[in-house]
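Please have a look at the sequence and the model, and then I will go through a few features one after another.

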2 protein chains.
Amino acid sequence: MRQVGVVGVGMIPFGRYPDRAVPDLGREAVLAALADYGGDPRRIGAAYCGSVYSGMMTGQRILRDLGLTGRPVTNVENACSSGSTAFRQAYLAIAHGEVDVALAMGVERLSRLGGGTIPLDEDDWNVQQGFVMPAIYALRARRYLDQYGWGVEALADVAVKNRGHAAHNPYAQFRDPVTREQVLASRPVAEPLTLMQCCPTGDGAAAAVLCALDAAGGGPRPVRVLASALTSGRLETGPDDITVAEITVRTAAEAYRQAGLGPDDLSLAELHDAFTISELMYYEALGLCRPGEAPRLLRDGVTRLGGRRPVNPSGGLLAKGHPLGATGMAQIVESVWQLRGAAGPRQVDGARVALTHCTGGGISGLDHGACTIHILAA
Amino acid sequence: MRQVGVVGVGMIPFGRYPDRAVPDLGREAVLAALADYGGDPRRIGAAYCGSVYSGMMTGQRILRDLGLTGRPVTNVENACSSGSTAFRQAYLAIAHGEVDVALAMGVERLSRLGGGTIPLDEDDWNVQQGFVMPAIYALRARRYLDQYGWGVEALADVAVKNRGHAAHNPYAQFRDPVTREQVLASRPVAEPLTLMQCCPTGDGAAAAVLCALDAAGGGPRPVRVLASALTSGRLETGPDDITVAEITVRTAAEAYRQAGLGPDDLSLAELHDAFTISELMYYEALGLCRPGEAPRLLRDGVTRLGGRRPVNPSGGLLAKGHPLGATGMAQIVESVWQLRGAAGPRQVDGARVALTHCTGGGISGLDHGACTIHILAA
């Protein structure tokens, strides 16, 4: 397989844009990525677009007014992993020699869908009974705290950290630092999760230009893609231990194998902190620490900016919001900025290797999720 | 690139299943394809699912209860070309050596969306003004008849032919033959198109197992995939000549190039007859005849079962219905049956090469469609 690099990235500040058309949001991100790339857009041989609720032909509509018609465009959907799946397909198209340059896009506009939890499968009887995402993660949180003897402060401190990171990120929705007390006092959503422990929805778009390293021209030095893994299957090991994110464990093993490295080699990670408990579970599933020790890792500052292995320097989903199709692509954008040393006041010192992680689905039966992990290197 | 074959196909009769869950429809088609394949389902290394309105994670939900979890599953959407895009991605995964065996699925349940034309992009001002698909194709039809001096009978005869074919297809929704007079007397939809000249919607599912020829085991003799082309761009050459399906012309050129053959080599075609005028336009765009001569080809019986080059032996969209994500996959299923000589009373004698064609989108601005063409050989 050919080596692949990211040569251009762009995104829009995540927020609420109910009055802008979805293609308009996507176009702004693509234009930013193309400007960053600086090469001839006509070199793009294929494009992939990730979205969940954008209607038909989102990728084609985005490229239409940019004059980038004619090439193969494929829209992909993998729930919360939609944007990262688009990135993966663009990566594969280059790695396998189909094209030299590919465009990956992710876009979502959730603000028109109303507030609260996002719409889910109407045929899903678990959801019909109220077993929506916050309820699922509340169960995991409750179990985790009980199993390992931590208090709710362990959860709240994830939000405190990520909101603190976002204070330095003009692309994040919520940039005001919060205290542990504020997090715990915010409105209850599903006990023990309070409002500030649940990622906001929102609107967003992000894009990346990928290029074969053997075909790269001028422009920014490519950030190399060392691994691209996608799996489906269980989100947990099942009712026996709902605190283990089984699909992430399995996908991470595949990604580390592809990259030829392990968790100790990561300079940073952008992971899927849809809820505070999620980030703790994924520390463990990604091998950053042993089961039950995630709160200690957090407390010791390891995953804070300035720590040994910052997690979610962008502010993560908890501060940026989670516009489904855009989320995974935004993780890539942040990682590229970090690996270029261009992340400004939230720069991770000496960043060399970054991991991005999305995982979604798994509402009913808990065994049909989609998890994507990418590993990028300067 | 490795050579790829189709080694198993299955579909459900298209119809109305408002009380069945989408994954249930898909599962039935996948089970049929797996039974036809006969090999070990655990050989499947990747799966792609095409759908437009099925909600999140359709492919994962279909495979969940079949126990086929763990592998990469990617859902794709390209409007009317969604199913064929899934087939193409499965093809690419094998052709490029990523996996040996892949599963392609297409599914859609439109019956719950209500009748009439399908929902479209809410931001599309053309659609808001009533410029929906039947209106677009009515303009094309009016122009075509005027430009080349044909009467409305030329349109009606497409429906007569395809309904006649469907009389032999237990998988089609409308299997009663109709006369030219009945077609023309059916309710007007958008002049000159009457009800029987517009494809019905409906629910459906279809699936195929693909395998690298160098990795094929026992089971049915593979039907080879000679070409897989996808492009985006204009559906017409624009206002100067709306009777030319520009995107199909361009995609066909690419497909014929890949396969190393031309329209004269086709034994049959399954093409995107969403409206009667569509089939006539695509005869020309695919090179089956010269501009303005499609009605003559039809009148001479060339494209009828028993003719030199039958088109839509399955009955096409006009008789089967058009459950978006399932349509392109069903064309593949029909072609495989034909190329195996297993199509029963609608068998095309001596079928050696089949072309399948889907094209969709292009509502607004007329320049963001998606067209897929596959060429299969016995």
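At what angle do helix α3 and helix α12 of chain B pack, and how far apart are their axes? Before I answer, please keep in mind that this is a predicted model, in which local features need pLDDT of at least 70 and side-chain atom pairs count only at pLDDT 80 or more, while totals for chains, interfaces and linings use all residues. Residues are numbered from 1 along each chain as its sequence is written, chains are lettered from A and ligands numbered from 1 in the order in which they are written, and side-chain values use heavy atoms, with hydrogens and water left out.

Now to the answer: α3 (residues 82-95) and α12 (residues 324-340) of chain B pack at an angle of about 55 degrees, and their axes are 5 Å apart. Helices (H or I, at least four residues) and strands (E, at least two) are DSSP runs, numbered from the N terminus, and axes are lines fitted to C-alpha atoms, for helices over the stretch in contact, with angles running from 0 to 180 degrees between N-to-C directions. Angles under 35 degrees count as roughly parallel, over 145 as roughly antiparallel, 65 to 115 as roughly perpendicular and the rest as oblique, and α3(B) and α12(B) are therefore oblique to each other.

Contact here means heavy atoms within 4.5 Å, and on the α3(B) side it involves S82(B), G83(B), S84(B) and F87(B), which meet L324(B), G325(B), G328(B), M329(B) and I332(B) of α12(B). These residues divide into 4 nonpolar, 5 polar and no charged, where Ala, Val, Leu, Ile, Met, Phe, Trp, Tyr, Cys and Pro count as nonpolar, Asp, Glu, Lys and Arg as charged, and the others, Gly among them, as polar.

In chain A, α3(A) and α12(A) pack at an angle of about 55 degrees, with axes 5 Å apart, and that makes α3(A) oblique to α12(A). Another pair in chain A is α6 (residues 152-166) with α9 (residues 276-285), whose angle is about 95 degrees and whose axes are 8 Å apart, so α6(A) and α9(A) are roughly perpendicular to each other. The residues of that contact divide into 7 nonpolar, 2 polar and 2 charged.

Let us turn to the two chains together. The contact takes 49 residues from chain A and 49 residues from chain B, and the chains bury about 3,700 Å² between them, 51% of it on carbon and sulfur atoms; buried area is the accessible area (1.4 Å probe) that two parts lose on being put together, summed over both. Of the area that chain A buries against chain B, M56(A), M57(A) and H368(A) supply 17%, more than any other three residues.

M57(A) is also worth a look for its backbone, with a phi near 60 degrees, a positive value in a residue other than glycine. The residue sits in the loop between β2 (44-50) and α2 (58-64) of chain A. Most residues other than glycine have a negative phi, and most peptide bonds are trans. The peptide bond from E191(A) to P192(A), however, is cis, with omega near 10 degrees, and P192(A) is found in the loop between β5 (188-190) and β6 (193-194) of chain A. In chain B, the bond from E191(B) to P192(B) is cis, with omega near 10 degrees.
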